[in-house]
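Hello,

Here is the structure I promised to pass on to you. Please have a look at it first, and then read on for what I found.

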Amino acid sequence: MLELQGLTRRFGARTAVSAVTLAIPAGQMVGVIGRSGAGKSTLLRMINRLTEPSEGRIVADGRDVTAMRGRALRGWRAECAMIFQQFNLVQRLDVLTNVLLGRLYHRPTISSLFKRFTAEERAQALATLDRFDLAEQALQRADTLSGGQQQRVAIARALMQKPRIMLADEPIASLDPRNATVVMEALARVNREDGLTVIVNLHHLDTARRYCDRIIAMDAGRVVFDGPPAELTAERVRDVYGVAEDEFHEGAETPALVA
Amino acid sequence: MSGTSDIAAWRARYPRAFGPTPMGRALRYAGGAVFLAWVAGSFWWLGITPERIWNGLSGLGVILRLMVPPSPGEQWVEILEGMAESVAMAFLGTFCAALVAVPLGFLGAGNVVTATLLRFSVRRVFDGMRGVDQLIWALAYVRAVGLGPLAGVLAIFTADIAVLAKLYAEAIETAEKRQVEGVTAAGGGRLAALRFGILPQVAPLMLSHALYFFESNTRSAAILGVVGAGGIGLQIAERIRVRHWDEVAFIIILMIVTVGIIDRLSAALRHRLIGTRR
């Protein structure tokens with residue numbers, strides 16, 4: 001169970017996320033929707049503590065995440081893996097090493113700095129890559145892969161962390177429709193087969209409706225809807241955002257996802 | 001999660017994923033051994049021993065003690081004049097070199113000059129000029145035009161043309177082709193393509209190189225003075241000869257402050273002219 005209590009983040013005078021309170025049970029697949037600047041990314045980055053909250057608390061299974069420091073904080077980050085819009089792979093390293101970076105928290109610092117990973121970890125990394133049909137590319141440099149492949153490598157890296165939560169910040173916004181489907185399927189598999197909690201930021205209502213158990217809609221830093229996809233009807237969207245669903249999508253900066 | 005049999009299976013499929021081959025490992029160790037032998041051999045051949053380094057350090061300690069407190073001495077006006085002269089030499093030399101280097105850079109760039117023979121010869125001339133150090137040029141110019149700042153300016157100018165032209169040529173080669181294509185497609189000629197397609201892309205880099213060279217040349221202008229090519233170096237050399245270490249310390253501090261000021265000014269200038277891309 002992940003609890004956010006009155007989570008707030010201000011950048012100067014602007015409030016990006018305003019007093020968000022949520023409880024997310026383990027194993028749920030949650031879609032966070034909203035237009036650019038609604039505070040989705042900031043919310044996700046605060047859960048991973050890449051961005052520090054200005055106010056409020058994050059509690060995971062009774063542990064106060066907001067108070068964590070040093071090794072405890074690194075442990076938390078390993079536990080809630082992050083997927084980025086631009087993949088954030090190390091371009092000049094090979095795919096296998098990128099995936100092995102997911103083991104950094106679990107290994108002594110010195111040996112990992114010399115790229116010393118055990119044979120078991122290497123086999124595990126290959127097996128994880130193989131789940132996403134990428135074992136063949138293991139020894140290529142990351143920048144030789146397409147966007148969709150890179151995002152799947154990022155998911156493999158995240159899985160190597162042995163996480164319990166996966167946070168995905170607009171994972172398909174830089175991908176073409178076909179690759180977007182492949183990556184969303186991969187996230188859904190991770191949720192279904194590995195039992196991970198998945199929290200994914202999305203631009204598109206259709207994608208969220210299709211893959212998620214629960215949808216959270218944000219606007220100007222606040223949660224304006226929280227419920228199952230079936231409840232987020234066209235009328236609700238109009239109520240919440242004051243525009244029809246088509247116009248809502250016009251505010252988004254990405255092409256529509258053809259599922 | 002995965003048992004030993006799995007590891008073996010993966011190792012069989014992708015042996016390279018589990019580390020280098022025995023051959024590769026041997027080559028790596030051999031390379032390391034050769035490198036270590038090279039380092040140790042250099043120490044031995046040059047006669048560098050810990051004892052000599054230690055003695056040298058204690059000599060340096062004596063000098064450092066004589067430097068405190070730094071003092072401008074009686075001829076501080078001369079020191080200030082020398083410093084100003086060094087800055088002026090560095091500025092003039094770098095400015096002229098940067099100007100001349102722009103057309104030379106275009107001539108040496110593979111995406112501008114497609115005639116391989118011409119480009120190759122231009123490049124080799126750069127290489128030749130870079131092979132001769134600034135100090136050698138200074139010595140030559142002191143003989144040719146006499147003692148004084150002119151020799152220094154010429155030395156900086158000659159030595160920097162080649163280096164700047166090479167850096168500029170490399171910058172031009174990394175320029176994006178599409179922007180040039182856009183200008184050509186709009187009806188621009190070859191020169192217009194260079195002027196509007198390439199120059200705006202590389203001008204910021206050229207400017208920052210030139211400003212960095214100006215700062216670095218202010219420092220090296222001190223050396224040029226030692227061989228009689230004008231500037232602060234002459235003042236330093238004289239004071240070292242008569243062991244006025246406190247005045248040497250004063251000059252060093254003055255140089256550090258001057259270079260710091262130039263660095264600040266050029267950073268501000270770069271910011272103003274280039275702007276920050278958002």
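Below are my notes, taken chain by chain.

Please keep in mind that this is a predicted model. Its overall scores are ipTM 0.71 and pTM 0.74.

Let me start with chain A, which has ten helices and ten strands. Its C-alpha atoms fill a box of roughly 55 × 40 × 35 Å along the principal axes. A compact globule of 259 residues would have a radius of gyration near 18 Å, and chain A agrees with this because its own value is 18 Å. Of those 259 residues, 42% count as buried. If you look at the contacts in chain A with a separation of 6 or more, 69% of them come from residues 24 or more positions apart.

Is P228(A) buried or exposed? P228(A) counts as exposed, because it has 11 C-beta neighbours inside 10 Å, and the cut-off for exposed is 12 or fewer. Leaving aside residues up to four places away in sequence, P228(A) touches D213(A) and R214(A).

Now to where the chains meet. Ten residues of chain A are in contact with ten residues of chain B. On the chain A side, helix α5 (residues 119-131) gives the most, with seven residues. By type, the chain A residues that touch chain B divide into seven nonpolar, one polar and two charged.

An unreviewed UniProt entry annotates residues 26-46, 88-114, 135-157, 192-214, 221-237 and 249-269 of chain B as "transmembrane region". I looked at two of these spans in the model. Residues 88-114 of chain B are 78% helix and 0% strand, with their end C-alpha atoms 38 Å apart. Residues 135-157 of chain B are 87% helix and 0% strand, and there the end C-alpha atoms are 12 Å apart.

As for confidence, chain B averages a pLDDT of 87, and 97% of its residues score at least 70. Within chain B, confidence is highest in helix α2 (residues 22-45), at a mean of 93, and lowest in helix α1 (residues 4-13), at 84.

Best wishes

Notes: Residues are numbered from 1 along each chain as its sequence is written. Chains are lettered from A and ligands numbered from 1 in the order in which they are written. This is a predicted model: local features need pLDDT of at least 70, side-chain atom pairs count only at pLDDT 80 or more; totals for chains, interfaces and linings use all residues. Two residues are in contact if their C-beta atoms, placed from the backbone, lie within 7 Å. Helices (H or I, at least four residues) and strands (E, at least two) are DSSP runs, numbered from the N terminus. Ala, Val, Leu, Ile, Met, Phe, Trp, Tyr, Cys and Pro count as nonpolar, Asp, Glu, Lys and Arg as charged, and the others, Gly among them, as polar. A residue is buried if 20 or more other C-beta atoms lie within 10 Å of its own, exposed if 12 or fewer, and partly exposed in between; C-beta atoms are placed from the backbone. The radius of gyration is taken over C-alpha atoms; the globule rule is 2.2 Å times the number of residues to the power 0.38. UniProt positions are given in the numbering used here, feature names are shortened, and annotations may be inferred rather than shown by experiment. pLDDT is the predictor's confidence in each residue, from 0 to 100.
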